[in-house]
Amino acid sequence: MAQVAVVGGTGTVGSRLVQMLRDRGNDVHVIARSHGVDVMSGDGLDAALRGIPVVIDVINAPVTSKRRSVAFFQTATANLLDAERRAGVGHHVALSIVGIDRVPLGYYLGKRRQEQLIRESDVPWTILRATQLHEFAAQLVDRSRGPVQVVPVMRLQPVAAAEVAALLCDLALSEPSGMAEELAGPEVHELPDLVRRLLRARGSSRRTLPIRLPGETGRTMASGALLPTAAGIRGHQTWDEWLTTAVPPTLMPEST
Ligand SMILES: NC(=O)c1ccc[n+]([C@@H]2O[C@H](COP(=O)([O-])OP(=O)(O)OC[C@H]3O[C@@H](n4cnc5c(N)ncnc54)[C@H](OP(=O)(O)O)[C@@H]3O)[C@@H](O)[C@H]2O)c1
């Protein structure tokens, strides 16, 4: 049995990860504001990491601008790594995203900073880059309001959050290994199609409006720069299987 802290353990990936680690008999500590620990201010962090040898970071913030994303991941990651150093943590595992060096989206610049801080840290580390989750379309829909759903034109190869969580479990319970092989789903899709189909499956009357983001960001996202470029690990569950069989809260029928 290992003692593992999951930072962001209440989130889309984090909640599945916590459950899997517990199912495998590990002693899991959830770090999230809703559990009394704020990684941005550092409140409660030292106490939460006392005696913990392994930390998995799946924290996130719904920020899109470069300034806010870099500020979030810079502060959260630096606070976390400093606290890990004080606590003597022996393995820091983080979840990142395939293709972030090829697409200059503001959010990805924050993820690049997160990776850089981890690589430069003296806490032994593993970074897993995964493609967008099957749940990504639902996250987008749930964070929007109004009759029209604006969707960036994006080619993606989505993977189930449950499969990402399973691989993170394996990596966290192994020796630190630096950059892990990239994880992607089994099929390539266009994001506006997934959003349209998700809304239809929910019985929503919201209309989908695909927009191509300006400049280099829009061009690279639309042309497949977020797809994996090398052979790596592939998830098995297709997006269609996820849509019909998974019942995450985000797929409950809309009340409005
Ligand atoms: N979504 C995707 O398609 C995708 C794909 C590949 C990689 N990723 C990466 O995977 C990670 C997790 O994404 P996700 O979609 O699972 O995230 P999510 O569902 O938005 O969950 C975010 C988590 O972070 C916690 N959190 C936020 N601010 C915090 C703070 N100041 N202190 C402590 N905890 C805080 C939240 O809990 P509280 O609100 O209770 O604090 C929650 O548990 C991200 O780094 C993302 O870049 C995501």
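The buried residues of H3 (buried: under 20% relative accessible area, 1.4 Å probe, protein chains only) pack against strand S1 (3–7), helix H2 (45–49), strand S3 (54–57), strand S4 (91–97) and helix H4 (106–120). Contact here means heavy atoms within 4.5 Å; helices (H or I, at least four residues) and strands (E, at least two) are DSSP runs numbered from the N terminus. The model is predicted: local features need pLDDT of at least 70, side-chain atom pairs count only at pLDDT 80 or more, and totals for chains, interfaces and linings use all residues. Residues are numbered from 1 along each chain as its sequence is written, and side-chain values use heavy atoms, without hydrogens and water.

Among the buried residues of H3 are Phe 72, Phe 73, Leu 80 and Ala 83. Just after H3, Gly 88 has a positive phi of about 75°.

Leaving out residues up to four places away in sequence, Leu 45 touches Leu 80 and Ala 83, among others.

| Residue | Protein atom | Distance |
|---|---|---|
| Thr 10 | polar side-chain atom | 2.6 Å |
| Val 13 | backbone N or O atom | 3.0 Å |
| Asn 60 | polar backbone atom | 3.3 Å |

Definitions and conventions:
Polar contact = N/O pair within 3.5 Å; in protein donor to acceptor, adjacent residues only side chain to side chain. Buried < 20%, exposed > 50% of the residue type's maximum accessible area, 1.4 Å probe, protein only.
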